[in-house]
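These are my notebook entries from an afternoon with one structure, written in the order in which I looked things up. The sequence and the fold come before the notes.

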Amino acid sequence: MTIKLIAGLGNSETSYFNTRHNFGSRYVKSLATRYKVILNKNTILCGYIGQLKLETNIVHLLIPDSHMNNNGLSVSKCVDFYQLCPQEILVAHDDLDLPPGVMRIKLGKNMNNSHRGVKDVIVKLHNKYNFYRLRIGIGHPGKKSKVIDFVLNKPTIYEKYRIDHIINEAILHTESIVNKKFIKVMNQLHGHKPDLLRKF
């Protein structure tokens, strides 16, 4: 069973595109650019949709056309339309618990309250947690009270360089990601074997 839908979470408003909270959607947009996939707006699926062909695999690329907290609606509509199961979905999103330049892929096993976009996906999938998550580290401001301003602002030049670098490296391993060769991908990106599928 391969990945058949890659969804990049973020806020659809253009003013948010370069913020830390939008690295999930930027990953998908960069992926589409790399493979020359056109993302067309689809009002029925509430997002921008494109089709990536990798040899015998067809992967749907999605960027929800909504606020982060409502991204789950578009994901759920795609799941229903393409008749997918959770294990065929990869949701890319920013992650406060990882430093810039670090990326992890994990299989969800329970509700996660740290990211509202992911939480909305879980709710809209009728509380199904077992989809894959591509967590793109953005770092943490240090205090919980500063999180909202932190994620809705642009990263520093150094942070952006590190995050863009790891995204570009991940894109080079797209075929392995689609075929769920996650350990191989993480070894290539970080040079060691991470705890990929730890329950959280």
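**Entry 1, around helix 3.** I began with the backbone just after helix 3, where histidine 126 takes a positive phi of about 60°. Helices here are DSSP runs of H or I with at least four residues, strands are runs of E with at least two, and both are numbered from the N terminus. I was working on a predicted model, in which local features need pLDDT of at least 70 and side-chain atom pairs count only at pLDDT 80 or more, while totals for chains, interfaces and linings use all residues. I also noted that residues are numbered from 1 along each chain as its sequence is written, and that side-chain values use heavy atoms, with hydrogens and water left out.

Which residues of helix 3 are buried? For helix 3, residues 116-124, I listed Gly117, Val118, Asp120, Val121 and Ile122, where buried means under 20% relative accessible area, exposed means over 50%, and partly exposed lies in between, with a 1.4 Å probe and protein chains only. The cover over these buried residues includes helix 2, strand 5 and strand 7.

I then looked up aspartate 120, which has its place in helix 3 and counts as buried because its relative accessibility is 9%. Neighbours within four places in sequence aside, aspartate 120 is in contact (heavy atoms within 4.5 Å) with Asn69, Asn70, Asn71, Gly72 and Leu73.

Serine 74 is buried, because its relative accessible area is 1%, and serine 76 is buried with a value of 9%. What does each of them touch, once neighbours up to four places away in sequence are set aside? For serine 74 I wrote down Leu45, Cys46, Gly47, Leu62 and Pro64, and for serine 76 I wrote down Lys124 and Leu125. I also took one distance, C-alpha to C-alpha: serine 76 and proline 86 are 10 residues apart in sequence and 10.0 Å apart in space.

Is strand 7 mostly covered or mostly open? Strand 7, residues 132-137, is mostly covered, since six of its six residues are buried. Both faces are covered, with Tyr132, Leu134 and Ile136 buried on one side and Arg133, Arg135 and Gly137 buried on the other.

Two strands pair if DSSP finds at least two bridges between them, and I looked at two such pairings. Strand 5, residues 89-95, runs parallel to strand 7 and is joined to it by six bridges; in this pairing, leucine 134 of strand 7 is the bridge partner of alanine 92. Strand 6, residues 103-107, runs antiparallel to strand 7 with five bridges, and leucine 107 stands opposite tyrosine 132.

Leucine 134, in strand 7, is buried because its relative accessibility is 0%. Beyond four places in sequence, leucine 134 touches Tyr27, Leu90, Val91, Ala92, His93, Met103, Arg104, Ile105 and Ile177. The C-alpha atoms of leucine 134 and aspartate 94 are separated by 8.5 Å, although the two lie 40 residues apart along the chain.

Proline 141 is found in the loop between strand 7 and helix 4, residues 147-151. It counts as partly exposed because its relative accessibility is 26%. Not counting residues up to four places away in sequence, proline 141 touches Leu96, Lys146, Val147 and Phe150. From proline 141 to isoleucine 63 I noted 78 residues in sequence and 26 Å in space, C-alpha to C-alpha.

The protein averages a pLDDT of 91, and 92% of the residues score at least 70; pLDDT is the predictor's confidence in each residue, from 0 to 100. Where does pLDDT stay under 50? I found this over residues 192-200, for which the model has 27 contacts beyond four places in sequence.
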